[in-house]
Amino acid sequence: MGVAQQRGVLLPSCPDLKLALVLGERALFVNGDLQTARRWFDSAYRLAELYGDPSSLARAALGLGGIWVHEHRTCAESEMVRARQRNALSLIDPRSSAALRLRVRLRGEEDYRAGRHATIMRLLTETRGSGDAQALAEALSLAHHCLLGPEHSAIRLELAGELIGQAAVTERRGDLLMGLLWRTVDLYLAADPHAERCLEELRGLLAGHDHLAVGYVVEAIEVMLTIRAGRFAEAEKRAGECFERGVAAGDMDATGWYGGQLGAIRWFQGRAAELLPVLSDLVSSPTLSPIDHSYLAGLALAAAVAGDRRAAAGHLARLRVEELPGSSTWLVSMYCVVETAHLLQDPDTAARAYALLRPFAELPVVASLGVACFGSVHHSLGMAALTTGDLSTAVEHLRAAVRGNFALGHWPAAALSRWRLGQALALRDGTRDQAAGREQATAAREARELGMVLPSVAGRSSAGQGGGRFRRHGRHWQVELGGRLALVDHSVGMGHLATLVANPGREILAADLASGAWTREPEGGSAQPVLDDQARDTYRQRLGQLETEIDELESMNDLERAAGLRLEREWLVAELAAATGIGGRARPFTGSEERARIAVGKAIRRALARISAVDPAIGEELRATVQTGLRCCYRPR
């Protein structure tokens, strides 16, 4: 009778221990199936403990560590694995290969949790002199984990190169894949133009034989590149597929990475406030890395965007900017800190963040191992300077950010940096500055093409009157209100709203809005035509001119200017149709101007619906402050 049966426990016999170890190591190092590997190594550890086999116990304890650091995220699981590894280490020869590998794993985990790297680097030196190829490969990868802060880019590349070379000695496919993956990640973190070459080499290796864990990171990088290209719908779909792959691989970062990818998409879409519920849950999730503060920083930013200044300030205070440990998410955390400080108009936090970020100006803000990218660090430096009021420095950094984002191929970040550059120029040189207008017009066009909503400068009235502004850009209106911005399709009602918002508190007759007269209410109650004979003749003459100009522009292939003139033509046709009756006679409003009230009211309500579809917050505010009727008025709160 076997040992397991004697003890009344239904466990496999000793050959099954060897099989569990072999299957666990194959799942981990060959297939990258972290979830399956954990199950096999857990079974192997229990069997080895039962049979009193220290060597197999150490082998199973090593396998439980996985290929990443901190693979076991809950306190209970993490402490159990560490206890098993320490127990196995105490039972084997301290001079053995297994003992060295266990020390490497334990020290690497401790350094990572503490946000440091000195101990694992000392142990790496010892491992290089041991002649143990597997121990060295594992020490190189673990040391790389502990050096993911932006200040260590050079040494990380050296470690990745050494690991690729060491894979030829260990002959373990997983070591080669990990070395190439680390090199690929390092190149993207450094904005190296050759990053794509390394990624392509990695894709080729995975095409022959998949590795779930490495393939998951590669797929995450693909999502990042899709966001950079501004293909938001495709990126969101791919992020969902990437999440499913991460879950299948057993990667504990799957939920957090999906949140980060969705966060980047929503940020550039101008919909960050929608992330509040998701981020609130993620911040308290035990699956997050102990040194990852990016989700708390993101929560502060989402709260600020949503207008909850108290919550945003509270989350920002919890971060303690100077104490944030260096990690793969440090730059993302700082990006969110700077944007939140801007929205809260907190120059002190902005100044401190600027000093911390300045050494990394030429780097991109990349989350973790290439999960998402927010563009050049110069953008954050420019926003910090904008918040502190150093406008010339802000302009300098934001210009560099536009260049940097174009080099990255990050079109949404480039549009956002260009928009902020235009705002900084307007604040420094005046709203009529041609360079400012040029940058803002270009950014607005780029944003429309990408489906972005661009933000306003916080703490400063965009309109100069009433805190709101409507600006026409071809077929769209740019609506700024309460620190928010929306791009809305043109309609007659948008023109009426633009007039009202530009004249806060002033009552304007519906008839004057309809005719574009904007004069005081006429004396008496006699009926008057919407357009007099001279106005109608002028409109018709202009229509003839427009037809000629449109034909000329289209023959020159100047489609953008032609489109603008076509909009003017459509407006004139609509105005003439509304102002004339049967036989082309002038259509008078009744004495009470009831028809004007109805027409203008309907047009404004349709415009408000369009605005709400793009930005519900702006739409709700305008509905509460715009009064329609015989007299219309915008009364800001």
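Predicted model: local features only at pLDDT ≥ 70, side-chain atom pairs only at ≥ 80, totals over all residues.
## Overall make-up

The chain has 637 residues, of which 52% are buried. Its secondary structure consists of 29 helices and eight strands.

## Helices α14 and α16

Helix α14 covers residues 254–269 and helix α16 covers residues 294–305; their axes come within 12 Å and cross at roughly 30°. Angles under 35 degrees count as roughly parallel, and α14 and α16 are therefore roughly parallel to each other. The crossing in which α14 passes α16 is left-handed.

On the α14 side, the contact is formed by G256, W257, G259, G260 and W267, while α16 contributes Y295, L301 and V305. Sorted by class, the residues in this contact of α14 with α16 comprise five nonpolar and three polar ones, with no charged residues.

## W267 within helix α14

Which residues does W267 contact, leaving aside neighbours within four places in sequence? They are A272, L301, V305, Y335, E339, F374 and L416. Of these, L301 and V305 belong to the α16 side of the helix contact described above.

W267 also stands 9.9 Å from P412, C-alpha to C-alpha, although 145 residues separate W267 and P412 in sequence.

## Helix α22

Helix α22 runs over residues 411–429, a stretch of 19 residues. At 1.5 Å a residue, α22 should span 27 Å, and this agrees with the 26 Å between its end C-alpha atoms. The helix is mostly covered, as 15 of its 19 residues are buried. Just after α22 comes G430, which takes a positive phi of about 105°.

## Helices α11 and α12

Helix α11 (residues 195–208) packs with helix α12 (residues 212–228) at an angle of about 140°, and their axes are 11 Å apart. At this angle the two helices, α11 and α12, are therefore oblique to each other. Their crossing is left-handed.

In this pairing, E196, L199, L202, R203 and L206 of α11 meet V214, G215, V218, I221, E222 and L225 of α12. The contact of α11 with α12 has seven nonpolar residues, one polar residue and three charged residues.

S141 lies in helix α8, which spans residues 133–145. With a relative accessibility of 8%, S141 counts as buried because the cut-off for that class is under 20%. Beyond its neighbours within four places in sequence, S141 is in contact with I67, L163, M178 and W182.

D251 is found in the loop between α13 (232–249) and α14. Is D251 buried or exposed? At 8% relative accessibility, D251 counts as buried. Residues up to four places away in sequence aside, D251 touches L34, W68, Y216 and G246.

Most residues other than glycine have a negative phi.

E171 is not a glycine, yet it has a positive phi of about 60°. E171 sits in the loop between α9 (153–170) and α10 (173–189). With 69% relative accessibility, E171 counts as exposed.

S368, likewise not a glycine, has a positive phi of about 50°. The loop that holds S368 lies between β1 (364–367) and β2 (372–376). S368 is buried, its relative accessible area being 10%.

Key: Residues numbered from 1 in each chain as written. Heavy atoms only, no water. Axes fitted to C-alpha atoms, helices over the stretch in contact; angles between N-to-C directions. Helix = DSSP H or I, 4+ residues; strand = E, 2+ residues; numbered from the N terminus. Parallel < 35°, antiparallel > 145°, perpendicular 65-115°, else oblique. Left-handed = near helix turned anticlockwise from the far one by under 90°. Contact = heavy atoms within 4.5 Å. Nonpolar A, V, L, I, M, F, W, Y, C, P; charged D, E, K, R; others polar. Expected span 1.5 Å × (residues − 1). Buried < 20%, exposed > 50% of the residue type's maximum accessible area, 1.4 Å probe, protein only.
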